[in-house]
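Please look at the model first.

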Amino acid sequence: MASYIGAIDQGTTSTRFIVFDGTGKIVVCAQKEHQQIYPQAGWVEHDPEEIWRRTQEVIADAMQQSGLRTTDLAAIGITNQRETTILWNRKTGKSVANALVWQDTRVADYVAEFSHERGQEGFRATTGLPLSTYFSGLKIRWLLEHVPGVREQAEAGDVLFGNVDGFLVWNLTGGPDGGVHVTDVSNASRTQLMNLQTLSWDKQLLHLFGVPEAMLPRIRSSSEIYGMVKQGAARDVAIAGILGDQHAALVGQTCFLPGEAKNTYGTGCFLLMNTGEQIVPSKHGLLTTLAYKFDDRPVNYALEGSVAITGALVQWMRDSLGLIPTSSDIEPLARTVNDNGGVYFVPAFSGLYAPHWNQNARGVIIGLTRYATKGHLARAVLEATALQTREVVEAMEHDSGIHLDVLRVDGGMVENELLMQFQADILNRPVVRPRIKETTALGAAYAAGLAVGFFKDTDQLRARWAVDRTWNPHLEPKKREEMYRFWKKAVSRSLDWVE
């Protein structure tokens with residue numbers, strides 16, 4: 001009998017394959033980065049073929065390291081960077097162009113066009129989303145209009161669309177030789193093409209955006225058997241779970257009840273609150289999205305606050321400025337000073353997402369004096385993540401009417417003790433890190449495990465959630481509000497920089 005469950009975690013900067021045992025403990029993990037491609041300012045791309053190679057490599061590496069056989073795996077779940085848009089040829093399996101990453105802003109003119117006609121909130125009632133460069137639908141349109149011959153092929157059904165989940169499932173289940181073309185409700189809800197109530201592609205939006213329905217995947221639940229792996233180190237294992245990365249983290253944190261929320265600190269920062277079977281429209285700059293749907297059970301919705309640049313700002317300090325050799329060096333550099341020295345960093349590299357949704361904002365470093373050092377800049381970088389999170393938490397509480405007593409956190413940046421303490425300080429409430437920190441991959445494993453009976457039910461999963469560490473607030477109220485006031489002032493300087 002299979003004793004383990006696998007998860008492909010395909011993120012913005014790397015791909016991982018993690019194998020968990022029945023208690024949620026990690027048995028083995030393999031990880032490989034992929035190239036970030038920046039053809040010009042505001043454009044961000046990935047090579048889909050490289051992502052597919054990395055996926056095959058990490059599965060093979062993990063199975064080899066652990067000595068596991070395919071019969072040891074009950075199923076595999078997939079979690080992925082959302083909104084990143086891939087078009088590929090059904091007959092050859094080759095992508096027609098590089099993937100347009102969720103951070104890519106090249107569709108800004110389309111956003112302006114539709115905003116002028118319908119207002120930025122014109123599609124929110126149907127999709128739960130404001131008009132933004134963030135989502136997949138307009139990225140599909142851009143590729144159809146700018147890659148020669150692709151629109152005709154798409155209308156004939158020979159070019160397919162998928163976010164990374166759909167691209168990987170299609171390849172894993174046979175590719176040109178019978179690959180399964182599906183996505184789950186959580187990923188479909190991030191295209192701005194799916195109707196939140198019907199859970200189907202909205203024909204009016206497809207017409208307005210100029211997207212042929214023939215190229216779209218079938219929308220399925222987040223937990224069911226979609227097909228079997230046809231090649232490689234996981235051959236004959238069922239793919240049985242799909243969740244966008246932030247939805248997977250919500251599941252991994254076992255936030256199964258309305259009002260339960262988590263915040264994930266990765267390339268960006270994403271706060272999700274489960275709203276149960278109720279669609280909660282946002283009036284404070286959040287997104288209404290799908291949380292998950294397990295097999296034939298009712299769908300769960302969520303409110304989401306999306307912040308584009310958090311961990312990516314640390315990478316920018318490392319790669320573009322060369323101020324730190326590795327990302328983990330940001331904390332010791334920030335600890336060389338006692339405070340931010342009056343320096344604030346608004347990382348609006350691709351505009352600002354929640355709660356502002358200002359695509360014309362750009363990054364600013366403000367408050368500089370001769371006193372400022374690279375230590376103050378490092379501190380401002382970390383504080384920017386926590387300050388953006390406070391803005392989202394306040395919006396979430398206004399929309400939901402629920403006060404968050406504690407903030408559950410996960411993602412790579414939660415290892416940063418200085419950041420987590422400041423997060424508790426600026427929120428004035430405890431911040432809690434779970435014992436199992438790889439909650440995104442764990443959520444995908446939970447979804448797959450529930451589909452094949454490896455896990456009994458969500459109550460069993462909730463019983464396994466445990467606290468690793470809690471940070472309690474210590475900052476003086478006067479200082480807390482002064483810092484937040486200066487942050488809001490800094491944000492105001494970044495808005496509408498691009499004319």
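The charged end of Arg82 sits over the ring of Phe270, 5.3 Å from the ring centre; such a charge is NZ of Lys or CZ of Arg within 6 Å of the ring centre and within 35 degrees of the ring normal. This is a predicted model, in which local features need pLDDT of at least 70 and side-chain atom pairs count only at pLDDT 80 or more, while totals for chains, interfaces and linings use all residues. Residues are numbered from 1 along each chain as its sequence is written, and side-chain values use heavy atoms, with hydrogens and water left out.

**Rings**
- Arg106 lies over the face of Trp43, at 3.7 Å from the ring centre.
- The whole structure holds 22 aromatic pairs (rings of Phe, Tyr and Trp, the last by its six-membered ring, with centres within 6.5 Å; planes under 30 degrees apart are stacked, over 60 edge-to-face, the rest tilted).
- Phe256 and Phe294 make an edge-to-face pair, 6.3 Å centre to centre with 70 degrees between the planes.
- Both Phe256 and Phe294 are buried (under 20% relative accessible area, with exposed over 50% and partly exposed in between; 1.4 Å probe, protein chains only).
- Phe454 and Phe455 have ring centres 5.0 Å apart and planes at 85 degrees, so this pair is edge-to-face.
- Phe455 is buried, at a relative accessible area of 2%.
- Trp102, Tyr134, Phe135, Phe270, Tyr353 and Trp357 are linked into a cluster by ring pairs.

**Ser189**
- Ser189 has 2% relative accessibility and therefore counts as buried.
- Its side chain reaches the backbone oxygen of Ser186 at 2.8 Å.

Key. Polar contact = N/O pair within 3.5 Å; in protein donor to acceptor, adjacent residues only side chain to side chain.
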